[in-house]
Amino acid sequence: LPIYAKMPDAVSLLLTYIKKQIEGDPMVQVRAVGKQALEAFRIDAKAEGEKVVIGGWESLGSSDTSKARWFSMELDRRSAPWAFAKGEPFRTIAALELTAVLVAVKLFCLDEYWKGKRAVLKLTAFTDNVSNTYVLKKFLSSKFPLSIILLELATQLKVAGLEMDLGWVPRDQNIPADSLTNGIFDGFTESKRIKVDFKDLKWLVLDELMAKAGELDSEVKLAKTSKEVKGFS
């Protein structure tokens, strides 16, 4: 979080993340990552008023949605309060798109199918939000809540032993994923749906860091508002 670099609370937040990583895996063996690439899944997010929906399907290089595992879940102020931190959720749409990527990794990439391919598989996911492709290339963002979603995604990929590219695709080529956020499930098989609530997913660092970052973001906004008020007084 570069913009908070001089703030003690920001340093504490980042050190909390680093501490967790070291405690969980103090020694990491350097290993070569294979060049095999596979389109893993396609995702989308929608935010209209108070309604927030994320969805995705496991493509595995195929366009046949009828055989794909998929999810469509609604987020609210109880399960994801950070999505409403800037007022209307559309203001955090980049974070919501990356959340869809995160959920897809959690639901698709940590099960038996992927275990034999740890550290040799390079995943490619597709979104129609081009800004997140740049975020994932450098694994760097100074924005809240996007930066915290990014830290959780990095941790999940580390646990899975995977690398991932995030590719951009025009919205008219991402129709199946877009349909999942609009409650249109034609072409998908109901028995292939992974039904889970966002609040029931187990995260590695997201909950703790999101709470701390939320406090910090509020302090920054308060300080900015106070400065603006003084400027008019």
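1. A word on confidence first: pLDDT is the predictor's confidence in each residue, from 0 to 100. The protein chain averages a pLDDT of 79, and 72% of the residues score at least 70.

2. Where should you look with care? Among the elements, strand β3 (residues 70-75) has the highest mean pLDDT, 97, while helix α3 (residues 112-115) has the lowest, 60. Over residues 1-8 the pLDDT stays under 50, and the model has 15 contacts beyond four places in sequence for that stretch. Where pLDDT is low, the predicted coordinates should not be read in detail.

3. Now the overall layout. The protein chain has seven helices and five strands. Going along the sequence, they come in the pattern α-β-β-β-α-α-β-α-α-β-α-α. Of the contacts with a separation of 6 or more, 77% are between residues 24 or more positions apart.

4. Arginine 42 deserves a visit. You'll find arginine 42 in strand β1 (residues 37-48). Is this residue buried or exposed? Arginine 42 counts as buried because its relative accessible area is 17%, and the cut-off for buried is under 20%. A polar atom of the arginine 42 side chain lies 3.0 Å from the backbone oxygen of glutamine 173. Beyond its neighbours within four places in sequence, arginine 42 has contacts that include Gly55, Trp57, Phe126, Val169 and Ala177.

5. Which residues does threonine 99 contact, leaving aside neighbours within four places in sequence? They are Ile54, Trp82, Ile149 and Phe198.

6. On to charged pairs. Side chains of opposite charge can pair when their charged atoms come close. A search of the whole structure turns up 11 salt bridges. In one of them, glutamate 58 pairs with arginine 69, with the closest N and O atoms 2.7 Å apart. Both residues lie in the loop between β2 and β3, so the pair ties together parts that are 11 residues apart in sequence. Glutamate 58 is buried at 7% relative accessibility, whereas arginine 69 is partly exposed at 21%.

7. Here's a pair from strand β1, which spans residues 37-48. The side chains of glutamate 48 and lysine 46 form a salt bridge, at 3.9 Å from N to O. That value sits within the 4 Å limit for a salt bridge. Glutamate 48 counts as exposed, with 52% relative accessibility, but lysine 46 is buried, with a relative accessible area of 19%.

8. Some of the salt bridges link up. Which residues are linked in a network? Asp44, Asp128, Arg171 and Asp178 are. Within that group, the side chains of arginine 171 and aspartate 178 meet at 2.5 Å, N to O. Arginine 171 is partly exposed, with 42% relative accessibility.

9. Valine 130 sits in the loop between β4 (122-127) and α4 (131-138). With a relative accessible area of 37%, valine 130 is partly exposed.

10. Two bits of backbone geometry are worth a look. The peptide bond from phenylalanine 144 to proline 145 is cis, with omega near 10 degrees. Proline 145 is in the loop between α4 and α5 (146-160). Leucine 60, a residue other than glycine, has a positive phi, near 50 degrees. Leucine 60 is placed in the loop between β2 (51-57) and β3, and is partly exposed, with a relative accessible area of 30%.

Note on methods
Residues numbered from 1 in each chain as written. Predicted model: local features only at pLDDT ≥ 70, side-chain atom pairs only at ≥ 80, totals over all residues. Heavy atoms only, no water. Helix = DSSP H or I, 4+ residues; strand = E, 2+ residues; numbered from the N terminus. Buried < 20%, exposed > 50% of the residue type's maximum accessible area, 1.4 Å probe, protein only. Polar contact = N/O pair within 3.5 Å; in protein donor to acceptor, adjacent residues only side chain to side chain. Contact = heavy atoms within 4.5 Å.
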